[in-house]
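Dear colleague,

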Amino acid sequence: MIARGFKPVAWVAAIGTAALGCYMLSLQVAAERAELAGLERRIVAAQQDIRSLQTELGTRGRLQQLEQWNAEVLALSAPVAGQFLESNLSLARFDVRQRTVADQAEMRMAAAEPAPAQPVQAGQAAIRLAAAPAPAVSPAASPAPAPALVEAPLIRRASLQSAPAQPAALRLPSAPPRRSAGDRPTAVQTRSARLLDAGTLDDLSAAAQTERGGATGD
Amino acid sequence: MATLAAQIERTAPCGDYRSGLTLTYHRLMLVMLLFAGVTALIVLRLGYLQVFTDRSGAAQLANPLIPPRADIVDRNGVALARTIDAWSVGVHPSRIIGDRAELAARLNALMPERSVAQFRAMLSSDSNYLYLARRALPELVAAVNALGEPGFVFNREPERLYPQTALAGHILGWTDFDGRGVAGMERVLEGRLTEPGLRGEPVALSIDTRVQAAMEAELSAAVTSLSAEGGTGIVLDVHTGEIVAMASAPTFNPNAAGRSDPSALYNRATMGVYELGSTFKPITVAAALEAGVITSPAQRWDAGSPVPIGRFRISDDHPLGRAVTVPEILVHSSNIATARIADAMGSARMQAAFRAVGFDEPAHVELNERARTLWPRDWSRATVLTSGFGHGVAVTPLHLASAYAALVNGGIWRPATLMRVEPGRAPRGRRVYSEATSLRMRQMLRMIVQHGTGRRGEAPGFRVGGKTGTAEKVATGGGYSRRVNVSTFAAAFPMDQPRYVVLVMMDAPRGNEETHFLTTAAWTAAPVVSRVISRTGPLLGIIPDSARDIDTSELVPLVAAAGH
């Protein structure tokens with residue numbers, strides 16, 4: 001009885017709640033939209049800022065200003081013909097440093113370095129090795145074969161930075177036995193892949209230190 | 001409503017009470033429905049507005065990003081002209097409440113470009129609004145605002161800014177106070193820059209800012225050190241006709257074009273017509289090769305004695321005193337032998353040769369600032385002979401650059417353009433010289449730099465080839481002045497595969513110790529070309545290489561080692 005009496009009230013309450021819910025929802029949407037519009041406005045303002053800052057930067061760093069700074073302070077001049085190197089070969093020829101024992105130790109390894117990129121060159125390197133006097137090749141660790149090997153690989157080594165080369169040089173004492181063409185490219189590949197890894201930087205510096213120690217030991 | 005019901009009752013006092021009541025109910029219901037209907041209409045309308053009105057305002061918000069005038073950029077996208085929001089300071093004279101005389105004195109202290117009296121006249125004028133300063137710096141705006149006068153107003157207005165200041169000012173031109181282009185590319189591109197649909201997209205010119213800067217720097221340094229009246233430098237892509245750099249000294253700042261020296265606004269590259277002297281000789285020789293007048297490079301032309309025409313005699317600065325081969329004519333720049341070639345060509349063929357490279361028309365370029373050439377009205381024998389070595393026909397430096405492009409690029413003449421040309425979209429142009437003639441000319445131009453007058457134009461490794469030209473300037477009183485020259489060096493590089501023409505012209509250089517007070521092109525214009533090529537060659541993608549060069553071995557034996 002009482003329930004029947006309150007039925008309209010319940011209806012009104014239900015409809016009221018539903019309407020309120022709908023209204024709240026629409027209010028929510030409106031608020032979101034307003035926020036979105038605000039964000040868009042901020043984006044536009046930021047883009048305008050970027051544009052004006054770019055303009056300011058471009059104006060302050062205009063070429064005439066740079067020219068003036070160059071004339072007053074930097075005195076940079078255009079590179080001349082001799083400073084452009086066309087190939088690795090000319091780059092190697094460009095290297096006029098005094099060769100040290102340590103450099104020679106590095107050079108041995110460098111012949112292996114271009115092998116993964118250009119298998120043909122690996123073949124050439126092998127041929128050069130074969131052309132070297134036969135008795136000189138066999139005593140792997142002795143310093144005697146080094147000069148014979150130096151000539152050809154020297155050319156290739158210079159294009160590479162000495163830092164990545166060093167750990168490879170360290171490994172060399174174990175490398176000569178595997179000199180037969182078969183498995184070497186893969187070995188080198190894994191090595192260079194590891195070298196490219198940024199995480200091995202500590203490894204490299206440690207290796208460089210030991211290597212330096214080894215060189216003085218020689 | 002009550003009255004309505006009462007009236008009904010009164011009009012039907014004796015009728016059925018029930019039916020009267022029903023009628024009243026019906027009427028009440030009708031009124032209620034009316035109210036409900038109106039309310040529903042309002043609710044629906046509100047709902048409609050709620051749902052369908054786009055309140056994000058994206059359409060209005062996107063607009064500020066589109067500038068009122070499109071940007072102009074160089075071929076690599078570096079901004080050359082932009083529109084920024086600048087401050088302007090204005091005044092409503094009628095709304096001023098402070099002491100006008102004192103305000104005028106204070107304004108003069110802030111903006112010394114106007115006198116106190118001028119400011120006082122402005123502040124007490126009858127007009128509704130006056131600009132005190134346009135494109136004002138924020139500091140100035142703050143200072144004027146600190147005066148606390150309500151009559152001053154500060155607005156943000158779109159202003160054209162040229163971030164590179166004087167760089168390429170002659171090409172860009174400038175805009176007036178209403179933002180309309182009045183000169184240069186601003187004027188040419190007016191429609192494109194203001195078109196609503198395209199304003200957001202910058203317009204790319206063919207200019208390379210870095211090359212333009214190098215050319216302007218080297219040119220103005222040379223003009224200053226040689227005390228020249230002016231100068232111009234052009235770098236032109238030989239395969240597309242794109243102008244990569246075009247400088248004219250003295251320069252002006254397009255940000256304040258009105259305040260610059262009027263003579264600086266003059267673009268010598270397209271407006272100045274000059275008799276460009278010996279730089280015409282390669283054109284004459286190429287035309288003679290084309291026409292079959294020169295049958296072989298070994299053919300000898302008499303340069304032993306001056307050629308008399310009427311009262312004048314055509315002579316050489318350094319007389320060779322013998323018959324010379326064709327490469328020798330160019331290497332030693334013999335006027336006599338060139339005049340003989342022109343004589344053999346005859347009037348009709350010489351005219352045709354010059355018309356072929358457009359010397360009878362204004363320069364082919366977008367700019368409105370270009371002059372008509374001085375094309376001789378009657379082609380007498382004297383005109384024909386002197387035109388062979390660049391006197392009597394006056395053209396702009398841009399004409400000559402286009403002609404040299406045709407000489408070296410395989411023989412195709414193309415109009416010069418300041419708009420960037422997409423790869424593969426180069427205009428077809430017209431064939432002026434055969435491939436063989438072009439190759440021959442490349443060899444001989446290279447030999448001029450290797451063995452002849454253009455030695456100072458060499459840039460090691462860049463395989464430069466070119467021709468010097470020192471013309472005597474027409475003096476104010478008429479006749480030629482020996483001391484006042486127009487010195488030009490027109491070059492192309494790399495000669496084994498030409499990519500760019502570089503032309504430098506110095507107007508009336510005076511010389512200095514370094515040039516031994518010589519004003520010839522070899523001492524004035526050629527070193528500028530050499531420096532510009534050394535600086536910009538790598539930027540343009542040409543790597544200097546000492547191991548490479550054009551093969552001139554078949555022509556070298558034809559040039560006798562001269563004492564000069």
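Predicted model: local features only at pLDDT ≥ 70, side-chain atom pairs only at ≥ 80, totals over all residues.

Residues are numbered from 1 along each chain as its sequence is written, and chains are lettered from A and ligands numbered from 1 in the order in which they are written.

Chain B as a whole

The secondary structure of chain B comes to 17 helices and 16 strands, where helices (H or I, at least four residues) and strands (E, at least two) are DSSP runs numbered from the N terminus. The radius of gyration of chain B, taken over C-alpha atoms, is 37 Å, well over the 24 Å that the globule rule (2.2 Å times the number of residues to the power 0.38) gives for 564 residues, so chain B is more spread out than a compact globule. Its C-alpha trace spans about 145 × 65 × 50 Å along the principal axes of chain B.

The domain assignment, which is automatic or from a database, divides chain B into domain 1 (65–205) and domain 2 (213–252 + 269–558). The C-alpha centres of these two domains of chain B lie 43 Å apart, and 13 residues of domain 1 are in contact (C-beta atoms, placed from the backbone, within 7 Å) with 13 residues of domain 2. On the domain 1 side, helix 7 (169–172) and helix 8 (184–188) of chain B are the elements that give two or more residues, and helix 8 gives the most, with four residues.

Helix packing within chain B

Helix 11 (residues 281–291) and helix 13 (residues 335–356) of chain B pack at an angle of about 75°, with their axes 9 Å apart; axes are lines fitted to C-alpha atoms, for helices over the stretch in contact, and angles run from 0 to 180 degrees between N-to-C directions. That makes helix 11 of chain B roughly perpendicular to helix 13 of chain B (angles under 35 degrees count as roughly parallel, over 145 as roughly antiparallel, 65 to 115 as roughly perpendicular and the rest as oblique). Among the residues that meet here are Ile283(B) and Ala287(B) from helix 11 and Ile341(B) and Met345(B) from helix 13.

The axes of helix 4 (residues 100–110) and helix 5 (residues 116–123) of chain B come within 8 Å and cross at roughly 130°, which makes helix 4 of chain B oblique to helix 5 of chain B. The residues in this contact include Leu103(B) and Leu107(B) of helix 4, and Phe119(B) and Leu123(B) of helix 5.

Where chain A meets chain B

Across the interface, 22 residues of chain A are in contact with 30 residues of chain B. Helix 2 (7–60) and helix 3 (63–74) of chain A each supply at least two residues of the chain A side, and the largest share, 13 residues, comes from helix 2 of chain A.

Helix 3 of chain A and helix 10 (residues 209–225) of chain B pack at an angle of about 55°, with their axes 10 Å apart, and are therefore oblique to each other. The contact is made by Leu63(A), Gln64(A) and Glu67(A) of helix 3 of chain A and Thr209(B), Arg210(B), Ala213(B) and Ala217(B) of helix 10 of chain B.

With best wishes

Conventions. Contact = placed C-beta atoms within 7 Å.
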